[in-house]
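Here's a quick briefing to read alongside the model. Have a look at the structure first, then go through the notes below.

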Amino acid sequence: MSNLVAVVGRPNVGKSTLFNRIIGEKKAIIDDISGVTRDRIYGQSTWNGREFSIVDTGGFVRHSDDVFETEIRSQVKIAIEEADVIIFLVDVTTGITDLDSDVADMLRAVDKPVIVVVNKVDNYNRQLEANEFWSLGFERTFFMSSLTGAGSGEVLDEVVELLPEGEVKPDKEIPRLAIVGQPNVGKSSMVNTLLGVDRNIVTDIAGTTRDSIHTYYNKFDKEFYLVDTAGIRKKSKVHEDLEFYSVLRAIRAIDESDVCALMIDATMGIEAQDMKLFRIAQARKKGIFIVVNKWDLVEKETNTARDFEKTIKERLRPFDDVPVLFTSATEKIRVMRVLDTALNVFKNKAQKFKTSELNKVLLPIIERTPPPTYRGNFIKIKYITQLPLSYPAFAFFCNHPREIKQPYRLFLENKLRETFNFTGVPIAVVFKQK
Ligand code: GDP
Ligand code: GDP
């Protein structure tokens with residue numbers, strides 16, 4: 001679930017290196033499955049069975065030439081507002097700088113857990129030097145080397161120890177739908193319209209995390225949870241980083257959902273920020289569809305919707321097997337389609353296939369168009385099984401799994417999509433040794 005760990009610290013103390021190391025633990029396991037490049041600034045990790053998102057707040061803050069100080073202050077403010085655990089990264093090779101002391105002052109006043117991590121402690125001598133940092137006065141002070149990984153286990157043990165207690169996970173059978181998108185696209189209006197349809201059916205179940213509410217919805221046999229993080233917007237004292245907040249909230253909502261409705265403003269079209277959210281949902285293997293809202297404001301001719309959809313899908317490629325809806329939250333146009341689509345995508349995502357069924361359909365296709373030979377050797381795919389994951393993932397067992405390249409992987413993904421219905425669902429194709 002979405003527990004958030006924020007890393008703060010001066011430039012060059014090693015934030016990105018630490019970040020990559022922590023994400024790297026997981027990357028090794030899932031990257032051959034996902035094949036999607038990870039966003040540098042956010043990542044997910046699991047340690048001792050606890051899942052958390054980690055954010056390099058430094059990556060968000062605009063680099064103004066004048067002052068590091070302003071930069072680092074906003075990093076720290078963001079971390080204080082949003083994170084469950086804060087890692088304050090410092091550098092043994094520079095010792096305690098004035099800026100470190102300032103940050104320590106800010107963090108000392110906070111009632112969230114702070115871990116001081118003294119980085120670049122690559123050897124024994126540096127361990128002795130690192131003792132200096134105890135004087136910052138944080139009970140939780142750890143030494144590590146992001147470069148070698150020494151000490152990272154202790155840091156991660158402490159991090160997961162400090163995460164809020166595991167939340168009640170809503171029933172697995174009932175889809176969790178998140179409506180995400182940029183500010184002002186109409187997310188709250190859509191939620192209100194959907195819930196307003198019949199007020200009796202709404203029950204707020206106790207927030208499953210501090211920052212989000214899953215609203216249970218049951219009507220016309222449609223049953224799901226609405227993941228709402230934006231709706232309970234805290235009145236933020238920090239205004240400089242609004243975009244940051246909306247992105248971060250969206251990520252939390254995505255993390256907690258099974259299916260994301262990415263809402264865009266019809267009068268704006270699909271923007272870079274929208275694509276960012278799309279790729280995040282895709283990388284996290286969530287069901288996805290696009291809701292083009294404020295459609296009432298668009299002057300329409302015969303093919304307006306069709307052309308609009310085409311333009312959007314071009315941006316989404318290669319993953320463009322995604323439903324696109326045109327709605328008006330305020331005029332109540334096609335709002336029920338949002339629910340229908342969410343449920344369909346969820347159904348597509350939950351499909352399970354027997355090995356015999358996969359073999360029967362796919363082996364003949366593979367026979368007709370086998371993978372390119374490798375050093376004169378034929379690559380023989382023997383059978384296909386679905387992996388027991390929360391999204392459709394298929395393992396193709398063969399003799400030289402590492403010699404099958406991306407184009408053939410995409411070919412198989414397309415064939416899977418042509419054969420079955422995976423609309424709105426990221427799927428994975430992996431090759432395994434037989
Ligand atoms: P950021 O600006 O805080 O993100 O810092 P970077 O991760 O970019 O690291 C700054 C420099 O410190 C790079 O040259 C890293 O290779 C180096 N560095 C990071 N961690 C360590 C470490 O544990 N030991 C040593 N010796 N160098 C490190
Ligand atoms: P949010 O920030 O994404 O939650 O967006 P809001 O739901 O607060 O909507 C922002 C503004 O857009 C409000 O003034 C809404 O009344 C308006 N709005 C939302 N949906 C529609 C729509 O479908 N059509 C039109 N014309 N206006 C809309």
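A residue counts as buried here if 20 or more other C-beta atoms, placed from the backbone, lie within 10 Å of its own. Helices (H or I, at least four residues) and strands (E, at least two) are DSSP runs, numbered from the N terminus. This is a predicted model, where local features need pLDDT of at least 70, side-chain atom pairs count only at pLDDT 80 or more, and totals for chains, interfaces and linings use all residues. Residues are numbered from 1 along each chain as its sequence is written, with chains lettered from A and ligands numbered from 1 in the order in which they are written.

**Strand 7**
- Six of the six residues in strand 7 (residues 176-181) are buried.
- In a regular strand, side chains alternate between the two faces of the sheet.
- Both faces of strand 7 are covered, with Arg 176, Ala 178 and Val 180 buried on one side and Leu 177, Ile 179 and Gly 181 buried on the other.
- Strand 7 runs parallel to its partner, strand 11 (residues 259-265), over five bridges; strands pair if DSSP finds at least two bridges between them.

**Ligand 2**
- Gly 186, Lys 187, Ser 188, Ser 189 and Ser 328 come nearest among the 15 residues around ligand 2 (near means a C-beta atom, placed from the backbone, within 6 Å).
- Helix 6 (residues 187-196) gives the largest share of that shell, three residues.

**Ligand 1**
- Around ligand 1 there are 15 residues, and Gly 14, Lys 15, Ser 16, Thr 17 and Leu 147 come nearest.
- Helix 1 (residues 15-34) supplies the largest share of this shell, three residues.

Note on methods:
A residue is buried if 20 or more other C-beta atoms lie within 10 Å of its own, exposed if 12 or fewer, and partly exposed in between; C-beta atoms are placed from the backbone.
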